[in-house]
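Please take a look at the model below.

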Amino acid sequence: MTCPPPAELSSLTLLGFGECGWGATLLWGFGNSLMIALGAYAIGFCIGVSGAFGKLYGGPVAKDLLAVYTTIVRAVPELVLILILYYAVPALLNQVMLGLGYERINLPQFITGVVVLAVVQGAYQIEVLRGSILAVPQGQIEAARAMGMSPVMLARRITLPLMTSNAIPGLGNLWLNATKDTALLAVIGFTELTKATFQASATTKAFFTFYGAAMALYMAISLISILLFGRLEKISRRGQRDARG
């Protein structure tokens with residue numbers, strides 16, 4: 001089948017799944033964006049939990065290293081970090097590898113994207129979780145210790161439930177940031193939603209149609225995420241007094 005010129009096609013046809021439509025390309029890019037966001041968020045959460053407890057209860061060296069990590073990552077734009085990790089780091093490694101007689105290496109775009117965004121997520125999640133731990137009322141912790149609770153029981157019954165309810169709003173915002181930051185991976189040629197949208201609109205010149213569709217997809221995942229995190233926050237705050245007492 002030969003497709004007519006894009007100018008003669010309707011928006012529904014261009015967004016469809018036929019031979020003349022780009023719907024499958026957009027959904028493929030959207031799926032890639034979600035996979036990268038989920039992977040980066042999960043790894044970032046692991047970094048955040050360990051880093052938060054390390055900043056609060058670790059030794060002086062660990063605290064200093066974590067402080068340097070969170071300061072640098074939060075100060076440098078994500079786009080610069082992506083370019084450094086994808087272009088500068090492999091270039092340096094290849095110089096070393098070639099000098100040792102090994103072959104050049106190429107970092108996979110998907111793994112690079114997940115790692116970079118995970119490093120960024122980790123830095124921010126450390127601070128969110130650290131603040132959530134500090135927000136747990138000290139009186140409740142002292143009361144639990146006075147009742148003879150072990151450290152594990154204290155963490156399970158007091159610290160973790162209360163810090164979770166405090167952390168969910170901030171973690172929800174970081175998840176939304178993760179979904180949007182995937183668009184930055186277009187600069188290294190990875191086909192996520194923004195890159196797929198650019199390819200479709202550049203080919204058909206239907207910029208409003210495709211960028212409007214991309215905006216709708218980003219809005220959909222954002223609204224669903226807001227509802228889910230709002231529900232999680234309500235569940236985590238059951239049995240707690242609100243700000244009105």
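Helices here are DSSP runs of H or I with at least four residues, numbered from the N terminus. With that in hand, α2, α5, α6 and α7 each supply at least two residues of the lining of the largest pocket. The model is a predicted one.

**The pocket**

The largest pocket holds about 310 Å³ of space. It is lined by 14 residues, and the closest to its centre are Y57, I141, R145, L154 and T159. Helix α7 gives the largest share of the lining, four residues.

T159 deserves a stop. This residue is found in helix α7. Is T159 buried or exposed? T159 is buried, because its relative accessible area is 9% and buried means under 20%. T159 touches V136 and L154, leaving out residues up to four places away in sequence. L154 is also among the residues closest to the centre of the pocket.

**The cores**

The largest nonpolar core has 20 residues. Those with the most contacts inside this core are L129, V136, I158, L171 and W175.

Leaving out residues up to four places away in sequence, L171 touches Y41, F45, Q125, V128, L129 and F229.

**Helix α4**

Helix α4 covers residues 78–99, which makes 22 residues. How far apart are its end C-alpha atoms? They are 31 Å apart. At 1.5 Å a residue the helix should span 32 Å, so the two values agree. Still, α4 bends by about 35° at I84.

Buried residues in α4 are L81, I82, Y86, P90 and N94. An α-helix has 3.6 residues a turn, so residues three or four places apart point the same way. What covers the buried residues of α4 includes α3 (60–75) and α5. After α4 comes G101, whose phi is positive, near 90°.

Methods. Residues are numbered from 1 along each chain as its sequence is written. This is a predicted model: local features need pLDDT of at least 70, side-chain atom pairs count only at pLDDT 80 or more; totals for chains, interfaces and linings use all residues. Side-chain values use heavy atoms; hydrogens and water are left out. A nonpolar core is a set of buried Ala, Val, Leu, Ile, Met, Phe, Trp, Tyr and Cys residues joined through side-chain atoms within 4.5 Å. Buried means under 20% relative accessible area, exposed over 50%, partly exposed in between (1.4 Å probe, protein chains only). Contact means heavy atoms within 4.5 Å. The expected span of a helix is 1.5 Å times one less than its number of residues. The bend at a residue is the angle between axes fitted to the seven residues ending there and the seven starting there. On a 1 Å grid over the protein atoms alone, a cavity is a set of points where a 1.4 Å probe fits but cannot get out, and a pocket is an open set with protein on both sides within 12 Å along at least five of seven lines; lining residues have an atom within 4 Å of a point. Grid points are joined across faces, edges and corners, and a volume is the space filled by probe spheres set on the points.
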